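Keep the structure open beside you as we go.

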Amino acid sequence: MSQPVARRMYDLVEPLGLVPYFADESDEALMALGLRNSWDAYFAGRAAPFDRSVPADVVHAIFYNFAPGEVARHIPRVWDLTTPEAALAARERGCVAGMRRILDDLADDASVARAADLLLKAATSAPVEGRPLYAALRALPVPREPVARLWHAATLLREHRGDGHTVALMAEGIGGTEAHVLHALSVDLPAEKFGRVWHLPAAQLNAVIDGMRARGLVGTDGWLTAEGRAAKARVEAMTDRLAEAPYHALTAAEFDRLVTDLIPISAAFRAVFPM
């Protein structure tokens, strides 16, 4: 049985969407604006499509899966240090530099420009209703340079999928911190060792796990139960279904061309990013 379209494209596009988080150039460009640390860079870069007046509680609601209070340690303080406009420009500049380093000679290949145009066609075609972060990104100007266009398109698609993933988690009754626990345990990693929650106080993380155990998602052994794994599978299946819309804008020939061009591009990022 062939892979669903959205899952196939996730495997190809996600490595490009991870550039802001795994390519040092992005953080370096943002930190040069006077930000204090990499988490300042994360929140400034990702929240920059919203106006600086958007409060921490709203950003937390849109980002969904941070522990209570984590967003407020950075938003709105980062806007005392820089502006959303400067953060957007620095993020793009750093990401393009990181992509060019990783792609090397491939960065100027005709396949990158083709992939950028086709991926952008898909990325700008989906409805924005119920997709706050995707909608905010859609309102930004589209870069003209091919590598920048490719990164912009991949970011649009990543946030489009992310907005849908939040819907799927909420439909399944999975809270923000619970989402990280669910993912960690689904890949056989103890929750306390997972990068997005390991820093939480043990009592706070244990309370989250206890709540999942009470609902039958986590067993007495600390690992997912059959129901927990089924819940994770339902979340991923719904996320895939909700992520398909952009690719309906492409003809069969365009889709095949895009996949062909993206395979070596994506492989270059997979070779250097921890996935």
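Q: How much space lies in the second largest pocket?
A: About 250 Å³ of space lies there, in what is a predicted model. The lining is made of 17 residues, and Leu-88, Glu-92, Leu-140, Pro-141 and His-152 lie nearest the centre of this pocket. Two or more lining residues come from each of H4, helix H7 (84–103), helix H9 (132–138) and H10.

Q: Which element gives the largest share of the lining of the second largest pocket?
A: That is H7, with five residues. By kind, the lining of the second largest pocket divides into nine nonpolar, three polar and five charged residues.

Q: How do you look for empty space in a structure at all?
A: You roll a probe the size of a water molecule over the atoms, and that shows where empty space is left.

Q: What is the volume of the largest pocket, and which residues are closest to its centre?
A: The volume of the largest pocket is about 1500 Å³. Its lining counts 45 residues, with Tyr-10, Glu-14, Leu-18, Arg-158 and Arg-196 closest to the centre. Several helices supply at least two lining residues each, among them helix H1 (5–17), H4 and helix H13 (226–242). The largest share, eight residues, comes from H10.

Q: What kinds of residues make up the lining of the largest pocket?
A: There are 20 nonpolar, 11 polar and 14 charged residues in that lining.

Q: Why is Glu-159 called buried?
A: Buried means under 20% relative accessible area. Glu-159 has a relative accessibility of 4%, so this residue counts as buried. You can find Glu-159 in helix H10 (residues 146–171).

Q: Which residues does Glu-159 touch, leaving out those up to four places away in sequence?
A: Glu-159 touches Tyr-21, Arg-46, Leu-133, Tyr-134 and Leu-137. Arg-46 leads us to our next helix, as this residue is one of the buried residues of H4.

Q: What makes helix H4 (residues 38–47) count as largely enclosed by the rest of the structure?
A: Eight of its 10 residues are buried, so H4 is largely enclosed. Asp-40, Tyr-42 and Phe-43 are among the buried ones.

Q: How do you know that Asn-37 caps the N-terminal end of H4?
A: Look at the distance: a side-chain oxygen of Asn-37 lies 3.1 Å from the backbone nitrogen of Trp-39.

Terms used: Residues are numbered from 1 along each chain as its sequence is written. This is a predicted model: local features need pLDDT of at least 70, side-chain atom pairs count only at pLDDT 80 or more; totals for chains, interfaces and linings use all residues. Side-chain values use heavy atoms; hydrogens and water are left out. Buried means under 20% relative accessible area, exposed over 50%, partly exposed in between (1.4 Å probe, protein chains only). Helices (H or I, at least four residues) and strands (E, at least two) are DSSP runs, numbered from the N terminus. A polar contact is a pair of N or O atoms within 3.5 Å; within protein, one must be able to donate a hydrogen and the other to accept it, and residues adjacent in sequence count only if both atoms are side-chain atoms. Contact means heavy atoms within 4.5 Å. On a 1 Å grid over the protein atoms alone, a cavity is a set of points where a 1.4 Å probe fits but cannot get out, and a pocket is an open set with protein on both sides within 12 Å along at least five of seven lines; lining residues have an atom within 4 Å of a point. Grid points are joined across faces, edges and corners, and a volume is the space filled by probe spheres set on the points. Ala, Val, Leu, Ile, Met, Phe, Trp, Tyr, Cys and Pro count as nonpolar, Asp, Glu, Lys and Arg as charged, and the others, Gly among them, as polar.
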